[in-house]
Amino acid sequence: MASLPKEPTQDAKRQSFWMPGNYVRTVHRTEKSFQACNDIVACFNERAKVEKQYAQQLNQWSNKWKAIVDSRPLYGSLMKAWQCFFTSTERLSALHSSISQSLTAEEGDRVKTWQKETFPKKLFCGFSESHGNKTSFSRAQKPWSKKMMKLEKARVAYHKSCQREQNALDKEKQANENPQTSPEKKQKFLESREKVTEDKEKVRERYEKLLEDVTSYTPRYMEEMEAIFEQSQEEERKRISFLKQAFLSIHRHLDITNNESVKAVYSELHNTLMSINELDDLKWWRNNNGPGMPTDWPKIDEWLPPIKKLNRKKREQQRKDGRPVMIGGVKVRAMYDYVGEEGDELSFKAGEVFLKVEEEDDQGWCRGVLSAGKEGFYPANYVEVAE
């Protein structure tokens, strides 16, 4: 029932209606609507006191000056004109007093009666609507939440297996590059790496099966959640429609003048009230707290190798010391996407082929040349030799 807040931030997808537990905003909307009714009654009761005080002040002013004018040496039409101010004031005082009574007894009681009928309470459970929505949403979301928890565990296990495979690859590479390593040890590193790779593929297979299970269950989950959400939307639509009529009724009490300048003020107020549109409000709620919110549906989160920070001073010193440059270069193919963080780093997409023109240094970086001609550094573990 509050005014429309700012657009959602970039991380709004994490707060999406579809994510576990995020339906509570829609559940709590009932309590907030109930409180809004209390605020409306309190607001216009206060306005009723203002109207009553104004009516009393008008009467006091009129009575005081009527007694004074009666003793003044004016007569005829001039006296009648002056006295007419007081008559008009008395009539205006009566009108404002009537407005005060109407705002309190008529409109206040009307909202309170409707509020009591619209927000039935459940013993020890707050409002029946909130309890029912919470129970229904929770029941509909429980199977999907369990599947999501299993999927998250599988994702973590998969990423850990990728890390273990990378470690095994590094050890195998070091053993192969060390001339003092015996063939038996090299064979052990090879077998260890192959076993880790086999284990990783099994873990990935489980990850993919769980993702398939979540994906296949999602349409049913969405259908059930949508049905509960639409019931809540319908109740909110009724509340918005009623309060719109209540505002219009209050407006009719307050719009008392034919003065063109004041008419313009009330006309603007009336237009604002007439612009209340339950469909637009419900649409906004849907897009910001309901099924219309953006969300990141589960998908494979690929593992990326770690990258050491490039020490440029050390790199330049090595070049000055005569680090050899490869004649003609070696074709390599990118295994992952990479976006260079500095101007002297290359950016490329997975599958892109380019030349390596300088061997990997002890920091894990190489120098290469893209097909477009740009030369720069790139992480060595992000490419493989192209066939």
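## Two helices side by side

Let's start with a pair of helices: the axes of H1 (residues 24-70) and H3 (residues 128-177) come within 9 Å and cross at roughly 180°. That makes the two helices, H1 and H3, roughly antiparallel. Keep in mind that this is a predicted model.

Which residues meet where H1 touches H3? On the H1 side they are Thr26, Val27, Thr30 and Glu31, and on the H3 side Glu129, Ser130, Asn133, Lys134 and Phe137. Sorted by class, this contact of H1 with H3 has two nonpolar, four polar and three charged residues.

## The nonpolar cores

In soluble globular proteins, nonpolar side chains tend to be buried together. Here, the largest nonpolar core has 42 residues. Phe17, Phe137, Met225, Phe348, Phe354 and Tyr378 are the ones with the most contacts inside this core. Phe137 also turns up among the H3 residues that meet H1.

H4 gives the most, with nine residues.

Now take a look at Phe348. Setting aside its neighbours within four places in sequence, Phe348 is in contact with Ala334, Tyr336, Asp337, Tyr338, Phe354, Tyr378, Tyr382 and Val383.

## Salt bridges

How many salt bridges does the structure hold? There are 25 salt bridges. One of them pairs the side chains of Lys147 and Asp213, at 3.0 Å from N to O. This pair links distant parts of the chain, with Lys147 in helix H3 and Asp213 in helix H4, 66 residues apart. Asp213 counts as partly exposed, because its relative accessibility is 31%.

Arg155 has a salt bridge with Glu152, where the closest N and O atoms are 2.8 Å apart. Both Arg155 and Glu152 sit in helix H3, three residues apart, which is about one turn of the helix. Arg155 is partly exposed, at 22% relative accessible area, and Glu152 counts as partly exposed too, at 38% relative accessibility.

Finally, Glu129, Glu236 and Arg239 are linked in a network of salt bridges. Glu129 is also one of the H3 residues that meet H1.

Notes
Residues numbered from 1 in each chain as written. Predicted model: local features only at pLDDT ≥ 70, side-chain atom pairs only at ≥ 80, totals over all residues. Heavy atoms only, no water. Axes fitted to C-alpha atoms, helices over the stretch in contact; angles between N-to-C directions. Helix = DSSP H or I, 4+ residues; strand = E, 2+ residues; numbered from the N terminus. Parallel < 35°, antiparallel > 145°, perpendicular 65-115°, else oblique. Contact = heavy atoms within 4.5 Å. Nonpolar A, V, L, I, M, F, W, Y, C, P; charged D, E, K, R; others polar. Core = buried A, V, L, I, M, F, W, Y, C linked by side-chain atoms within 4.5 Å. Buried < 20%, exposed > 50% of the residue type's maximum accessible area, 1.4 Å probe, protein only. Salt bridge = Lys/Arg side-chain N within 4 Å of Asp/Glu carboxyl O.
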